[in-house]
Amino acid sequence: MAGLTLQLLGLQLFTGVALGALYVLLAVGLSLIFGMLTVVNFAHGAFYMLGAYVGMWLLMHGVNFWLALALAPLAVGLLGLAVERTLIRPLYGRGIDYPLLLTFGLSYIIVEGVRVVFGNTGYPVDTPEILQGAVNIGVGYFPLYRLFVIAATAVILLALWLFLERTSFGLIVRAGARDPQIVRILGVDVARVWLIVFGLGTALAALAGVLAAPLQGVIPEMGGPILAEAFVVTVVGGMGSLVGAVLAGLLVGVVVSMTSLFAPEMSRVAIFALMAVVLLIKPQGFFGRAGLMS
Amino acid sequence: MLKIRGLEAWYGASHVLQKIDLDVARGEIVCLIGRNGAGKTTTLKSVAGLIDKVGGSVEFEGEELLGLPAHVRFHRGLAYVPEERRIVPGLDVRENLRLGLIASPLKKRETQAIREASMIFPRLAERITQSAITLSGGEQQMLAIARALISQPKLIMLDEPSEGIMPVLVDEMFELFGKLKSQGATILLVEQNVELALAIADRAYIIDQGAIVHHATAAALLADAEIQEKYCAV
Ligand SMILES: Nc1ncnc2c1ncn2[C@@H]1O[C@H](COP(=O)(O)OP(=O)(O)OP(=O)(O)O)[C@@H](O)[C@H]1O
Ligand SMILES: [Mg+2]
């Protein structure tokens, strides 16, 4: 009996990590966008949902899963570029609340748009055939697809890390997040960097959406709850910190899945309780920098 | 090379610069001095493109700069070492130097350029992998100067490079400015350390309450105790 419980806990831990992986993908984008542009992107959940819908639409039209996994983030990322260029850019320098309200409104427009095109009800999405089934991971059988979500997130994070640490553009991003003025006087067109970062963030959100689709299907409202959770993750990890977003994302995922094992109705409460505790102990979150909001 | 005419600047409604005229010729070191709050930093920032509301004209090599974004002015050959927030905290010394070349056509010879730049101040070479935030104030200033020089700008604007820095390092820094001058560099220098600055400068302007109130050769100013007393005492 004890062995069985341990096994259950072990599996639930992995489930939590897989869920956390989705949070991480969303939170990393939120954090990048906030760190660079000081934009609190309330449309992030809508981009996630849009990614899931574009992915589903592609699958419905016979596009294979791998291609859909690449195309949906690409399409949504391009939309992100257009949104930054036309809607958000005019609001820079006006304070944090303008882009916040704009993206908040934009998220409603995107959700409504999807309802108009695809209807109010959701659709299930099949797990791609070669990722169906379960594998023994030592503590028991674990769905292969969830394992894939974890692995895919790890690969993306590694690529993102290499991009930030090893490329010139990455250096600009890291420097620009600390001090946009310095990169400007060193000849960098910061507006272009912000554009690309916003596009990248929305593409990551869309990727999370496609990955989530086979797990839970798609529905126009799917971006709401996960956005709230992703915000908790960025707050716990520290606004603007990528390492923080990764660690906090996994932590929140595990907390959710463990709580839902014992008291499913408490799982959302648990997230916010976690946030409250972290903020009481460390008001800037794990890796937050003081004064980022000022 | 730099020709400022009737330059005005505002922070919101407050009118900070009133019709500044200032020239810097190629190969010159020109010094801008004045009390705290006189408008020295604002003048340099206006030339660098960091002040939103400006008027008048700033010509650089015959072309108007006002209206151009800051990054374009860098590409015209203008370097600016700010008074504060000189280095990027999260990066190490080498990465800070790399930033100086990141948008420059010289990026191709980055490794060599970084080696040369860190040779300007041997302290930087010794600390090349150290996080820039852990450098002393003086070392951070040296890093900022080296980062500005690395792109081989035509004109360098320095805002109080000696501020809050150990005297030994200040000497080392001014030695460098002298050497740069002998190599033909053009420098617009803001300094509170008047004697040191005038010793290496060709000409100097005195700014007070946002207006140029005096203009003379460095030698003449150095000899003029009365003017120094009136406008430079902190
Ligand atoms: N961001 C700002 N907003 C409003 N007023 C400002 C701002 N920066 C400077 N000022 C004001 O503009 C005037 C000129 O400031 P500036 O920084 O150019 O002086 P400075 O000569 O460089 O002084 P210091 O020797 O202290 O560096 C001062 O009265 C200052 O209070
Ligand atoms: Mg100043």
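This is a predicted model: local features need pLDDT of at least 70, side-chain atom pairs count only at pLDDT 80 or more; totals for chains, interfaces and linings use all residues.

Trainee: Why is A:Thr38 called partly exposed?

Mentor: Its relative accessibility is 37%. Buried would need under 20% and exposed over 50%, so A:Thr38 falls in between and counts as partly exposed.

Trainee: Where is A:Thr38 in chain A?

Mentor: A:Thr38 sits in the loop between helix H1 (2-37) and helix H2 (44-60). Its phi is near 45 degrees, a positive value in a residue other than glycine.

Trainee: And why is B:Lys19 called exposed?

Mentor: B:Lys19 has a relative accessible area of 56%.

Trainee: What makes the pair between B:Thr41 and ligand 1 a polar contact?

Mentor: A polar side-chain atom of B:Thr41 lies 2.6 Å from an oxygen atom of the ligand. The limit for a pair of N or O atoms is 3.5 Å, so the pair qualifies. The side chain of B:Glu160 has an N or O atom 3.1 Å from a ligand oxygen, and for B:Gln192 the value is also 3.1 Å. Taken alone, ligand 1 exposes 630 Å², and the protein buries 58% of that.

Trainee: Which kinds of residue make up the shell around ligand 1?

Mentor: Three are nonpolar, six polar and four charged. Helix H1 (residues 40-48) of chain B gives the largest share, three residues.

Methods. Residues are numbered from 1 along each chain as its sequence is written. Chains are lettered from A and ligands numbered from 1 in the order in which they are written. Side-chain values use heavy atoms; hydrogens and water are left out. A polar contact is a pair of N or O atoms within 3.5 Å; within protein, one must be able to donate a hydrogen and the other to accept it, and residues adjacent in sequence count only if both atoms are side-chain atoms. Accessible areas come from the Shrake-Rupley method with a 1.4 Å probe; for residues, only the protein chains shown count as cover. Helices (H or I, at least four residues) and strands (E, at least two) are DSSP runs, numbered from the N terminus. Ala, Val, Leu, Ile, Met, Phe, Trp, Tyr, Cys and Pro count as nonpolar, Asp, Glu, Lys and Arg as charged, and the others, Gly among them, as polar. Buried means under 20% relative accessible area, exposed over 50%, partly exposed in between (1.4 Å probe, protein chains only).
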